[in-house]
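Me: I have a protein model open and would like to talk through parts of its fold. Could you take me through it?

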Amino acid sequence: MANPKTSELAVSFEDILAAAERIGDEALVTPVLRHPLLDERASARVLIKPENLQRSGSFKFRGAFNRLCQIPAEDRPKGVVACSSGNHAQGVASGARLLGMPATIVMPADAPAIKLERTRGLGARVVTYDRETEDREVIAAALCRETDATFVHPYNDPAVIAGQGTVGLELTDQAAALGLQLDDVLACTGGGGLSSGIALALAARSPATRFHTVEPALFDDYKRSLEAGEILSNPAKTGSICDALLSDSPGEIGFSILRRLAGEGVTVTDREVLAAVAFAFTELKLVVEPGGAVALAAVLSGKLPLAGKTVGVVLTGGNIDPQMLMTALAA
């Protein structure tokens, strides 16, 4: 893995260190877990980073809170606006409540009911839209103009990426504390905020580690973009159970980082994801949503040659509707 000069990137490792300090009193340091059955299935030493246990149920709290903390005090009463299928929504809503800020979240009408309910339960105003026919960022821009609120992008924001990078920072430190050197790390990839943040942390703390994006089949805009060397879009907007990962195309900032730091990208099918959700529940005793389980699905389905290696797997979220969990367990 190449280690680029900090000046070439919009986000630096120092930004990740600063984010860790900034969010440390509120974000949880999630553990690293191992399970003998998973090691056996993968023929590898697998370190699980369960961000489904994070505050608000996903890693998204880290980046959202880091960004919100940097909004000037005089601007906070104007509130924040965000777009999200649910996890960034809850991260922003949770962070805004901690800081006493009003929050409005633009969410697809077909988002999982649990994500809509939990976002409202955290005190945010939810504005729904049709994922097929409406542009969420146009709606968000109009809402920002109403109150001069601050827009918090789910992934194409340096402060958000730095906050998400604390996942990679913790993972490398936890692996080192176990006396292990990470060979590969896999994480779900939507817009690329988490993946680029983790890749930056690895480049600084564990430069020999290879980072891999993992996406749903047919929504592999990052894999295709990295292979082409330019940003490409997904032709479809819906059609996967991994609602958290259905971004239109890579974020410019994340792509600029991952084109230098990412290794081979992989994809998984919905069937493989359902199997991973079921494995997490029945064997690991963890509740993981489909989009949060894609990296585990990649390991379980043998998408990469990992035998004999030490592998980090990030489970990114646990906000799953009971019906979807039942579907996974019955599959």
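The chat below covers a sheet, a ring pair and a helix.

Me: What kind of model is this, and how are residues numbered?
Reply: This is a predicted model, in which local features need pLDDT of at least 70, side-chain atom pairs count only at pLDDT 80 or more, and totals for chains, interfaces and linings use all residues. Residues are numbered from 1 along each chain as its sequence is written, and side-chain values use heavy atoms, with hydrogens and water left out.

Me: What is the strand order in the open sheet of five strands?
Reply: The order is E1-E9-E6-E7-E8, with parallel pairing. Strands (E, at least two residues) and helices (H or I, at least four) are DSSP runs numbered from the N terminus, and two strands pair if DSSP finds at least two bridges between them.

Me: Which strands stand at the edges?
Reply: Strand E1 (45-50) and strand E8 (266-268) do; each has a single partner strand, so one side of each is left without a neighbour in the sheet.

Me: How many bridges join E6 to E9?
Reply: Three bridges join E6 (residues 184-188) to E9 (residues 310-315). Val185 has Gly312 in E9 as its bridge partner.

Me: Which helix packs on the sheet?
Reply: Helix H7 (residues 158-177) does, touching E1, E6 and E9. Contact here means heavy atoms within 4.5 Å.

Me: New topic: how many aromatic pairs does a search of the whole structure find?
Reply: The search finds one. Phe61 and Phe65 are stacked, at 5.2 Å centre to centre and 15° between the planes. Rings of Phe, Tyr and Trp (its six-membered ring) pair if their centres lie within 6.5 Å; planes under 30 degrees apart count as stacked, over 60 as edge-to-face and the rest as tilted.

Me: Where do Phe61 and Phe65 lie?
Reply: Both are in helix H3 (residues 60-69), four residues apart, about one turn of the helix.

Me: Are Phe61 and Phe65 buried or exposed?
Reply: Both are buried, that is, under 20% relative accessible area, where exposed is over 50% and partly exposed lies in between (1.4 Å probe, protein chains only).

Me: And helix H4: how many of its residues are buried?
Reply: In H4 (residues 87-99), 10 of its 13 residues are buried, among them His88 and Val92.

Me: What covers the buried residues of H4?
Reply: The cover includes H3, strand E2 (80-83), E3, H5 and strand E5 (150-152).

Me: What comes just after H4?
Reply: Gly100 follows, with a positive phi of about 70°.

How values were computed. Axes are lines fitted to C-alpha atoms, for helices over the stretch in contact, and angles run from 0 to 180 degrees between N-to-C directions. The expected span of a helix is 1.5 Å times one less than its number of residues.
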